[in-house]
Amino acid sequence: MSRNAKINTLLLAIVAALAVLPLALGLGDHKEEPFAGADGEAEAAITEIAPDYEPWFAPLYEPPSGEVESALFALQAALGAGVLAYYFGLRRGRRQGGARVAAARDARTPAAGAADSAGAGA
Amino acid sequence: MHIAEGYLPPVHAAAWAAASAPFVIHGVRALTREVRANPESTLLLGAAGAFTFVLSALKIPSVTGSCSHPTGTGLGAILFRPPIMAVLGTITLLFQALLLAHGGLTTLGANVFSLAVVGPWAGFGVYVLLRRSGAPLMVAVFSGAFTADLSTYCVTSVQLALAFPDPGSGVVGALAKFGGIFAVTQVPLAVSEGLLTVLVMRLLVRSSKGELTRLGVLLQGGAEKEAAVR
């Protein structure tokens with residue numbers, strides 16, 4: 001593995017470790033529902049501070065189940081990852097194509113130069 | 001950091017919408033100008049938006065025992081400047097509000113203000129300051145992304161504290177409460193976001209040197225050195 005690839009892998013490993021450690025160390029054990037969303041906790045805190053507050057508007061569309069919601073979140077991530085992968089794939093392809101064209105040109109030029117000088121000598 | 005639909009009193013919702021609107025409108029103009037002037041940057045714009053899409057869909061466990069997600073706005077702010085990120089962030093928030101019931105239309109203004117306005121500007125500010133003071137590119141990128149992420153969640157905490165001051169301890173007490181839920185949870189996630197942004201920037205430095213030089217992220221002529229420094 002090149003040094004560059006090693007650094008990239010290390011970066012990903014740290015990100016993964018940061019996500020897994022709270023689970024492994026049981027940092028959610030003191031909670032009734034460990035690792036719930038912070039957004040939901042904020043709603044609970046609002047209800048605690050202002051028990052009379054009623055949300056005055058409801059979402060126009062709500063995913064019918066947790067499963068459908070997960071699917072839509074996965075879709076969002078997949079769309080983003082797809083576009084990113086397309087971008088880097090395209091760039092890589094262009095770079096390789098460019099390198100190949102340059103290599104082909106370099107391979108041709110000395111031969112052509114030799115032929116020219118041979119012609120001039122004759 | 002999404003404030004749920006209907007969870008801001010109408011006056012607050014309207015005020016945050018009014019505060020966000022000029023940034024988004026200015027951003028749409030900046031975006032149109034960028035695409036007209038440099039049609040080839042559309043692809044990288046898409047990639048920057050896609051980065052926000054992926055990161056804001058990932059709910060990651062954190063030290064407080066709850067889950068939250070990164071924002072992904074630092075990258076786009078560094079590449080294309082904050083106004084354009086205001087648009088890309090708003091698109092992500094709209095997608096989540098309309099299809100996922102995550103966030104909402106009435107709270108869109110407040111969410112746009114924290115995620116698509118303050119986050120990108122704060123992150124960009126830190127990035128520029130560090131670059132001007134001679135910090136290596138990747139140090140500035142990490143700090144910029146970290147700041148964009150964390151500042152977003154701090155703003156959300158302030159927004160909720162202003163709307164729901166604690167009956168006993170007032171806005172400050174409420175801020176401590178919401179800050180504990182959002183900002184503290186976010187610290188390790190902001191580190192993750194910083195690292196992921198550095199990773200994508202490293203890939204960009206390898207694959208899109210010309211584009212980064214044009215955008216001013218890599219310096220003209222200094223590009224080789226920058227790449228070696230990381």
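The structure is a predicted model, in which local features need pLDDT of at least 70 and side-chain atom pairs count only at pLDDT 80 or more, whereas totals for chains, interfaces and linings use all residues. Residues are numbered from 1 along each chain as its sequence is written, chains are lettered from A and ligands numbered from 1 in the order in which they are written, and side-chain values use heavy atoms, with hydrogens and water left out.

Chain A holds three helices and one strand, where helices (H or I, at least four residues) and strands (E, at least two) are DSSP runs numbered from the N terminus. Read from the N terminus on, these elements follow the order α-β-α-α. Of the 122 residues of chain A, 24% count as buried, a class that means under 20% relative accessible area, with exposed set at over 50% and partly exposed in between (1.4 Å probe, protein chains only). Helix α3 of chain A contains Ala99(A), which is partly exposed with a relative accessible area of 48%. Between Ala99(A) and Asp29(A) there are 70 residues of separation in sequence and 55 Å in space, taken from C-alpha to C-alpha.

The size of an interface is often given as the accessible area lost when the parts come together. For chain A and chain B the buried area (the accessible area, with a 1.4 Å probe, that two parts lose on being put together, summed over both) is about 5,400 Å², and carbon and sulfur atoms give 71% of it. Within the area that chain A buries against chain B, Ile49(A), Gln76(A) and Tyr87(A) supply 13%, more than any other three residues. In terms of contact, meaning heavy atoms within 4.5 Å, the interface takes 55 residues from chain A and 66 residues from chain B.

Across this interface the rule finds 18 residue pairs in polar contact, both residues being at pLDDT 80 or more; a polar contact is a pair of N or O atoms within 3.5 Å, where within protein one must be able to donate a hydrogen and the other to accept it, and residues adjacent in sequence count only if both atoms are side-chain atoms. On the side of chain A that touches chain B, at least two residues come from each of α1 (3-24), β1 (36-37), α2 (38-49) and α3 (66-121), and α3(A) gives the most, with 16 residues. By class, that side of chain A has 39 nonpolar, seven polar and nine charged residues, with Ala, Val, Leu, Ile, Met, Phe, Trp, Tyr, Cys and Pro counted as nonpolar, Asp, Glu, Lys and Arg as charged, and the others, Gly among them, as polar.

The chains also meet through strands, which pair if DSSP finds at least two bridges between them. Strand β1(A) is joined by two bridges to β2 (residues 66-68) of chain B, and the two strands run parallel; in β2(B), Ser66(B) is the bridge partner of Ala36(A). In helix α7 of chain B lies Ser192(B), a buried residue with a relative accessible area of 2%. Leaving aside residues up to four places away in sequence, Ser192(B) touches Val15(A) and Leu18(A).

A salt bridge here is a side-chain nitrogen of Lys or Arg within 4 Å of a carboxyl oxygen of Asp or Glu. The whole structure has six of them over all chains, and two are found across the interface of chain A and chain B. Glu48(A) forms a salt bridge with Lys177(B), with the closest N and O atoms 2.7 Å apart, and the pair crosses between chains, from helix α2 of chain A to helix α7 (residues 170-207) of chain B. At 56% relative accessibility Glu48(A) counts as exposed, while Lys177(B), at 26%, counts as partly exposed.

Within chain A, the side chains of Glu41(A) and Lys31(A) meet in a salt bridge of 2.8 Å, N to O. Because Glu41(A) lies in helix α2 and Lys31(A) in the loop between α1 and β1, the pair ties together parts that are ten residues apart in sequence.

Within chain B, Arg214(B) and Glu34(B) form a salt bridge of 3.3 Å, N to O. Arg214(B) lies in helix α8 (residues 209-214) and Glu34(B) in helix α1 (residues 10-37) of chain B, so the pair ties together parts that are 180 residues apart in sequence. Arg214(B) is partly exposed at 33% relative accessibility, whereas Glu34(B) is buried at 16%. Salt bridges that share partners join Arg91(A), Glu34(B), Glu40(B), Glu211(B) and Arg214(B) into one network.
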